[in-house]
Number of protein chains: 2
Amino acid sequence: MNEILLMLPGPTTADPRVLQAMSKAVVNHRGDEFGEIYTETTKLMSKTFQTKNDSYILTGSGTSAMEAAVSNLVNRGDKILNVVGGKFGERFADISKMHGIESVQLDVEWGTAVTPDLVEEALEKDEDIKAITMVHNETSTGVAAPIKEVGEVMKNHDALFIVDTVSSLGGDYVDVDKYHIDACVTGSQKCLAAPPGLAAITFNDDAWAACEKVEDNNYYLNMPKYRANGNKDPAQTPYTPSVSLIYALKAALEVLHEEGLENRIERHHTAAAASRDAVKALGLELFPDEAVSSATVTAVKMPEGANDDQIRGTMLNKYKVQLAGGQDHLKGNIFRIGHMGVINYQELAITFTALGLTLKGLGLVEDAGAGVAALANHYIKFKLLEKV
Amino acid sequence: MNEILLMLPGPTTADPRVLQAMSKAVVNHRGDEFGEIYTETTKLMSKTFQTKNDSYILTGSGTSAMEAAVSNLVNRGDKILNVVGGKFGERFADISKMHGIESVQLDVEWGTAVTPDLVEEALEKDEDIKAITMVHNETSTGVAAPIKEVGEVMKNHDALFIVDTVSSLGGDYVDVDKYHIDACVTGSQKCLAAPPGLAAITFNDDAWAACEKVEDNNYYLNMPKYRANGNKDPAQTPYTPSVSLIYALKAALEVLHEEGLENRIERHHTAAAASRDAVKALGLELFPDEAVSSATVTAVKMPEGANDDQIRGTMLNKYKVQLAGGQDHLKGNIFRIGHMGVINYQELAITFTALGLTLKGLGLVEDAGAGVAALANHYIKFKLLEKV
């Protein structure tokens, strides 16, 4: 209990089994033993993405997989629709532009979510759009976008549906096949609760067909090379992979599926709903519209009369709980509580106790225990404690 | 001793301290604690590169750093001189072409090294060449290229000198500043003896000046973003780094500098010379010209009357020693013994004992102990045992 409790939207605390897996000796990544481990890990990834497609593991951050999706699926000079409602939506637009792709930006106010109607309208306005990018869980604002409903729109359009589930997969509902997602990417260090350093990506047949028509412009992130090497026997990655982290990711996915994907997602939704109750009970305001609030990160407006250092600094230095700040223009205006991966009521109880004490110390709340009490009552109300 | 001994040109066996470092809990990569670890690791990298330049750590394989160097330093449509004498030389040419750079290829026969004169001639023939790529240690052929001597040529030319030291840094002489290298890249899993998954890169002022004139065409491998984030306080990477592997790399570099860079390089050269003696004593032929033979990997011609499975298969299955095969057109024609990182006389004694027994079993050698005897005599002759 003397370690700092990370309540961040990634990296998240890894299970000891996962950290332990990494200290196994490194094997030859061109041999049978690694081939089997890699194959099992990619199969567990496909199971987690809920897809019959093959998955691939990149040695890189979630951003590397975002770039792999965009740059392998859309040609220089072609048009892409980038939905932007936060920092990671912007990143997709920046990646597109850097690859000479014409970015048509569909902006939504930070803290709100795009609607299926807005997407449909944008697609109908411009038939040249080859693909659309969406961030499922916009970590920067704490908003979950309606990817299932947008998927219903996408199934009637030829444009590819590229979705970033970096901070949602394993913590919120992502069903790649049912949601008509053509390319889906994620990262190791968020809800999957493995250490940072790996990303995963899956393409369906439509995506691979598009990929064949796109001029290669990336070497390290070249998806046809990942596919060709994945099909070798033993299965390989095109370039030396992070062997130790693949051990860790495999262990993390095993832990995840022992809990059960559905149970885990419910646990995240409960943690999010309980956190929202706790935030409100402390007299604080949620940053996003509550209806589109994320299952994995809760973004809170900085209260009047306090600054980032007083809230997050006190939480970290006095109470050893690390929260995330706002990014870009939200810096100092919000703070964010990540409840991803292995996080459960215990960590949230510590967090909201510390937040109550911090606010009380600043004279901003009367009852220091109001937040954690609301949290407890939420867990009682939903009778979910017996499951955890 | 029941584990398979990896005698590969990467990944290499990591020191237990290095594997242990990875099981430390992951910290926030935007915080002070990580900033310090990252800064110390990049400083140790610069010390290892022997440069006053800053270094950067990429979460990716050595190939990612090769692509970062080429794509950040040469514009689409400009000319690059790619020296090609093996698979990794070819890779630089492939990367260049994939980025729309005009590749002028300076081919040397596989198993031989380029000469400073050939480089000078190629540069003088075409004044439009903006950069040259060279692989210091061509892992695929076991050849070490004369980067020091080519550096003497490069100092009189404006073209940038880009050098891949993926499988040489920490095992052979690489002095970035003295050799007039403008951009140097390496990987974690070769002579540095950390697990695979990280690469390092350093640019000098000329490289940064060129970088400013090159149009951004890479997002994940965008070097100006690495520089801008490295200059933040605390120092950061632009995208989520592989925190656990950075712990491991830092530990590996500490182990390296405790041994001393010069001592370590001498140890590698001794291992290589002793291995060459042992190979010849077993009646086998070296693949490369001996004068340019690598300090970190020994490539051996497949003896008449034996195939890859009989040699490497027996070594692996019967004697638990893993050697590397040939790549591309050398597949089945050579095998390769890596002696990188922590490898010392002990591992070589096992390896050449096993190789002698394998050859004897195939009826290809009379004296099964001739190789390991020659190895021992080399170590005695150079009185290096007391140092190890």
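## Close-up views of a two-chain predicted model

**View 1. A salt bridge at the end of a helix in chain A.** A:K280 pairs up with A:E290 in a salt bridge, and their closest N and O atoms sit 3.1 Å apart. A:K280 belongs to helix 10 (residues 261-281) of chain A, while A:E290 is in the loop between helix 10 and strand 11 (297-301), so the bridge ties together parts that are 10 residues apart in sequence. How open to the outside are the two partners: buried, partly exposed or exposed? A:K280 is partly exposed, with a relative accessible area of 39%, and A:E290 counts as partly exposed too, at 38%. Keep in mind that this is a predicted model, here and in every view below.

**View 2. Chain A as a whole.** Before more zooming in, here's the chain that holds that pair. Chain A has 13 helices and 14 strands. Its C-alpha atoms fill a box of roughly 65 × 55 × 35 Å along the principal axes. Does that make for a compact or a stretched-out chain? A compact globule of 388 residues would have a radius of gyration near 21 Å, and chain A has 21 Å, so the two agree. Buried residues account for 65% of the 388 residues in chain A. If you take the contacts in chain A between residues at least 6 apart in sequence, 72% of them join residues at least 24 apart.

View 3. B:R17 counts as partly exposed at 39% relative accessibility, whereas B:E258, at 55%, counts as exposed because the cut-off for exposed is over 50%.

**View 4. Helix 4 of chain B and a loop between strands.** B:K87 forms a salt bridge with B:D328, the closest N and O atoms being 3.9 Å apart. Again the pair links distant parts of the chain, with B:K87 in helix 4 of chain B and B:D328 in the loop between strand 13 (324-325) and strand 14 (334-338), 241 residues apart. B:D328 is partly exposed, at a relative accessible area of 44%.

**View 5. A salt-bridge network in chain A.** In this view, A:E40, A:K250 and A:E254 are linked in a network of salt bridges. Over all chains, the salt bridges come to 30.

**View 6. Where chain B touches chain A.** The contact draws 47 residues from chain B and 47 residues from chain A. The area buried between the two is about 3,600 Å², and carbon and sulfur atoms give 64% of it. How many salt bridges cross between the chains? The count is zero, but there are 10 residue pairs in polar contact between chain B and chain A, both residues at pLDDT 80 or more. On the side of chain B that touches chain A, helix 1 (16-22), helix 3 (62-73), helix 4 (87-98) and helix 9 (243-259) each supply at least two residues. Helix 4 gives the most, with four residues. By class, that side of chain B has 20 nonpolar, 19 polar and eight charged residues.

**View 7. A:L221, a buried leucine that reaches across to chain B.** A:L221 is in the loop between helix 7 (205-213) and helix 8 (223-230) of chain A. With 2% relative accessibility, A:L221 counts as buried. Leaving out residues up to four places away in sequence, A:L221 touches A:L58, A:S64, A:E67, A:A68 and A:N72, plus B:Y220 from the other chain. For a sense of scale, A:L221 and A:L330 are 109 residues apart in sequence and 31 Å apart in space, C-alpha to C-alpha.

**View 8. B:T59, a buried threonine with neighbours in both chains.** B:T59 is in strand 2 (residues 55-59) of chain B and counts as buried, at 4% relative accessibility. A polar atom of the B:T59 side chain lies 3.0 Å from the backbone nitrogen of B:S242. Setting aside residues up to four places away in sequence, B:T59 touches A:T59, A:G60 and A:G197 in chain A, and B:G197, B:L198, B:Y220, B:T240, B:P241 and B:S242 in chain B.

Note on methods
Residues are numbered from 1 along each chain as its sequence is written. Chains are lettered from A and ligands numbered from 1 in the order in which they are written. This is a predicted model: local features need pLDDT of at least 70, side-chain atom pairs count only at pLDDT 80 or more; totals for chains, interfaces and linings use all residues. Side-chain values use heavy atoms; hydrogens and water are left out. Contact means heavy atoms within 4.5 Å. Buried area is the accessible area (1.4 Å probe) that two parts lose on being put together, summed over both. A salt bridge is a side-chain nitrogen of Lys or Arg within 4 Å of a carboxyl oxygen of Asp or Glu. A polar contact is a pair of N or O atoms within 3.5 Å; within protein, one must be able to donate a hydrogen and the other to accept it, and residues adjacent in sequence count only if both atoms are side-chain atoms. Ala, Val, Leu, Ile, Met, Phe, Trp, Tyr, Cys and Pro count as nonpolar, Asp, Glu, Lys and Arg as charged, and the others, Gly among them, as polar. The radius of gyration is taken over C-alpha atoms; the globule rule is 2.2 Å times the number of residues to the power 0.38. Buried means under 20% relative accessible area, exposed over 50%, partly exposed in between (1.4 Å probe, protein chains only).
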